[in-house]
Amino acid sequence: MERTANLNSDYVQGVKNAPAFGMKDKIGYLLGDLGFNSLQVIVNSYLMLFCVNILGISAVHFASIVFLCKALDALNDTFIGRTVDNRPATKYGKMKPYLKKFAIPYMIFTIVLFFNVTSMPYFLKIAWILVIYFIWGIVGTFINVPYGAMSNIITTDQVQRTELSNFRSIGSFLGATIPTTVAPMLLFDQNQDPIASRFIVLTVIFGIFCVVCLTVAHSLIRERVIVADVAEVQGKEKINYLQIAKSFLKNRIMIAVVLSYVVTKLFTQPVSMINQYVFMVYFKDTDALSVASALSMIPMLAGMLVIKPLVKKFGKKNLITWPMLGAAICYGVTAFLPMTPMSWVIAQFCASACTAALGLLLWSLIADAVDYQAYLTKTRNDGTVYATITFIVFFAASASTSIIALMLEVLGYDAALGSMGQLPGVAERLKMFGGVWPMLGVLLIFICYKFIYNMNDEDMRKISSEVSKL
């Protein structure tokens, strides 16, 4: 009673009367990531193309904008996480109200990012993208942080969390593949160059889609764990974010998961962005981009059907460790062997099959890491811990898009020359980079889970049971 005495009575009753965990929660969690990730991927995959090829911003200047904004956004994440923890719960829950509240602003700022401001002076174009991109990141964080923390209060059961992670991963994956399947058919002309006006059409379509998905997710998901306001538990004591980050060093699960997440952001998620330039310049066939994105859905959808029995038989660690070596071989083939557009697509399809288990289990692994952190510290600050994870990941990964933009310069790509007029050797260098970069990533992920991650599923079930009593 002491734990709930000062909480909103409607919130407490809503949590206590929540129906048993079921398909509505899983579908809701899938839709949340599907909607949010659709816009996230459009910006991450196509903003560089828009800024460099349409607005005429140099790749180096664009890289600087992205690095600065993402670094500042990473610093904001911890404060936003603290705001979420301190916010009084409502009858709709502690975390999920943020989904509905920030859905429309997120859509609006995504659309504004792709306004054609070509007529502006160069320095004003830089300022425009800098300001709008920074605000867009803050608005997105107000959805992403509570959404991630919510998994720990939807259910404490390890099997149910695995199912929840599977559905979220499918939503995230579909949110990545649907835009990257549709966009190439919409954005490019017959010379494989992008068309300025089409970017707004793309963002409006997926912006509305995002708002609908987040609204339905808000309706379907139910929170089942009562979370006291941090302000009530800790009074006005200031939280030491550096201390939380340092405490992660005692948590090998956290280290492995966060490092692998960072590597994913840096090396494997930019594959779709790199593919744009490989297919534009090397293959001169952007239609194949849609085929590549569509085929990449198959391993995740198939994996969703078999992941549960595979986890029971082999355990999470084995499923996300050894297949990475297969993915490394597939990416190596694309880098070093002669390729046609279709053989490139097939090789990346095989790589996607090898990394599917990690994609399906990532959010379950993060939930485990957060639970283990609570077990070690004997304190639950899920929103703050998730925000600290986000801070570490996004601060380290803030260089991702910037690195790709800078590598275009290093490899000799010149947007002013168009897809057909690049200098000799540029296409071959782009093709090799497109294979080597993700190959390095999956090898690093293998190291994270083979040599750092140290928990089996049975021990994790016991720890989660203990944490649920905190």
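Biologist: How many helices and how many strands does the chain have?
Modeller: The model is predicted: local features need pLDDT of at least 70, side-chain atom pairs count only at pLDDT 80 or more, and totals for chains, interfaces and linings use all residues. Residues are numbered from 1 along each chain as its sequence is written, and side-chain values use heavy atoms, leaving out hydrogens and water. Elements are DSSP runs numbered from the N terminus, helices being H or I of at least four residues and strands E of at least two. On that basis the chain has 0 strands, and its helices number 20.

Biologist: What is the radius of gyration of the chain?
Modeller: The radius is taken over C-alpha atoms, and the globule rule is 2.2 Å times the number of residues to the power 0.38. For 470 residues the rule gives 23 Å, and the chain comes close to this, so it is as compact as a globular protein of that length, with a radius of gyration of 22 Å.

Biologist: Is V211 buried or exposed?
Modeller: V211 is found in helix 8, residues 196-220. Buried means under 20% relative accessible area, exposed over 50%, and partly exposed in between, with a 1.4 Å probe and protein chains only. Because its relative accessibility is 15%, V211 counts as buried.

Biologist: Which residues is V211 in contact with, leaving aside its neighbours within four places in sequence?
Modeller: Contact means heavy atoms within 4.5 Å. The C-alpha atoms of V211 and L99, 112 residues apart along the chain, are separated by 9.0 Å. Beyond those sequence neighbours, the contacts of V211 are A103, I104 and M107.
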